[in-house]
Amino acid sequence: MKKAIIYALAYLVIQLIASTIVSGIMMLIEGKAVQMTASMFIVSIVLSALTTIGVFLFLHWAEVSRNWMLTRPWAVILWCCVAALGTIIPSVWLQEQMPELPNLLEQQFDMIMKDRWGYFAIGILAPVAEELAFRGAVLRALLSWGKNHWVMIALSAAIFALIHGNPAQMPHAFLVGLMLGWMYWRTGSILPGVAFHWVNNSVAYVMYNLYPTPSLKLVDLFRDNLHVLAAVAFSLLILLPALYQLNLRMKRE
């Protein structure tokens, strides 16, 4: 448990240091304090992601092996991507049934998602860094500490949600964290989670640029509640078969 907390705090500290470094460099260049721009946020995310990957691998907090890939799990990776597509609308629908939570990072998120380089940070690097840290390190430590794997998966998902630091993102992050934790527990590899995470973040990026309205609800997309429920049902028809296939196919190397 202690190791898991250390890994999560280390991830958070790396993010804070990266942001401070970027702000400090810009202050030296401009000769005064400057407000964070989209480019600065993106550089900060890229720096923190690369540093996270480097630190966690160098210190052996997370282990990377080719063994699982040598089993040629292409069908598993494909079904992980399908499951990610099927998860998004039901997760958003569940979140909309809850009391509205404050979006503390709305402005930063808006700037990053509207920038074309934002996809590189959010869609490519973030899934690798977060899976390495939260499944490859935090969850691995929890699974070696606790006996009930579902309790440990739920605990890691809660840590994953809290580290986001934004109440509006936490419900979806927790639900996705459960899925990602299950995939790691079944395979012992972060790669299924990276595939799932990549699709999730990529869809979020595309949808944000198609409908750049932070307050957009499902009913705004699908016209009325009946169509919203139909969209949720259709998504479940994608998600449930994908979970069934993953349950059959996922195994350790």
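The paragraphs below go through several helices of this predicted model and some of the residues in and between them. In this predicted model, local features need pLDDT of at least 70 and side-chain atom pairs count only at pLDDT 80 or more, while totals for chains, interfaces and linings use all residues. Residues are numbered from 1 along each chain as its sequence is written, and side-chain values use heavy atoms, with hydrogens and water left out.

Helix H2 covers residues 38-58; helices here are DSSP runs of H or I with at least four residues, numbered from the N terminus. The 21 residues of H2 reach 30 Å from the first C-alpha to the last, close to the 30 Å expected at 1.5 Å a residue. The expected span is 1.5 Å times one less than the number of residues. Among the buried residues of H2 are Phe41, Ile42, Val46, Ile53 and Phe56, where buried means under 20% relative accessible area, exposed over 50%, and partly exposed in between (1.4 Å probe, protein chains only). The buried residues of H2 pack against helix H1 (2-30), helix H4 (106-114) and H5, with contact meaning heavy atoms within 4.5 Å.

Backbone angles come next. Most residues other than glycine have a negative phi. His60, which follows H2, has a positive phi near 60 degrees. Arg72, in the loop between H2 and helix H3 (74-96), has a phi near 55 degrees, and Arg72 is exposed, with a relative accessible area of 66%. Arg223 lies in the loop between helix H9 (218-222) and H10. Its phi is near 80 degrees, a positive value in a residue other than glycine, and Arg223 is exposed at a relative accessible area of 67%.

The next topic is a pair of packed helices. Helix H5 (residues 118-145) and helix H6 (residues 149-163) pack at an angle of about 145 degrees, and their axes are 9 Å apart. The axes are lines fitted to C-alpha atoms over the stretch in contact, and angles run from 0 to 180 degrees between N-to-C directions. H5 contributes residues including Phe134, Arg135, Leu139 and Trp145 to the contact, and H6 contributes residues including His149, Met152, Ile159 and Phe160. The contact residues divide into 12 nonpolar, two polar and two charged.

Arg135 of H5 also deserves a separate look. Arg135 counts as buried because its relative accessibility is 0%. Its side chain makes a polar contact with the side chain of Glu131 (2.7 Å); a polar contact is a pair of N or O atoms within 3.5 Å, where within protein one must be able to donate a hydrogen and the other to accept it, and residues adjacent in sequence count only if both atoms are side-chain atoms. Leaving out residues up to four places away in sequence, Arg135 touches residues that include Phe160, Gly177, Tyr184 and His197.

Helix H7 (residues 170-187) has 18 residues, which should span 26 Å at 1.5 Å a residue, and its end C-alpha atoms are 25 Å apart, which agrees. Of the 18 residues of H7, 13 are buried, so H7 is largely enclosed by the rest of the structure.

Gln245 is in helix H10 (residues 225-249). Gln245 is buried because its relative accessible area is 18%. The side chain of Gln245 makes a polar contact with the side chain of Arg249 (2.9 Å).

Methods. Helix = DSSP H or I, 4+ residues; strand = E, 2+ residues; numbered from the N terminus. Nonpolar A, V, L, I, M, F, W, Y, C, P; charged D, E, K, R; others polar.
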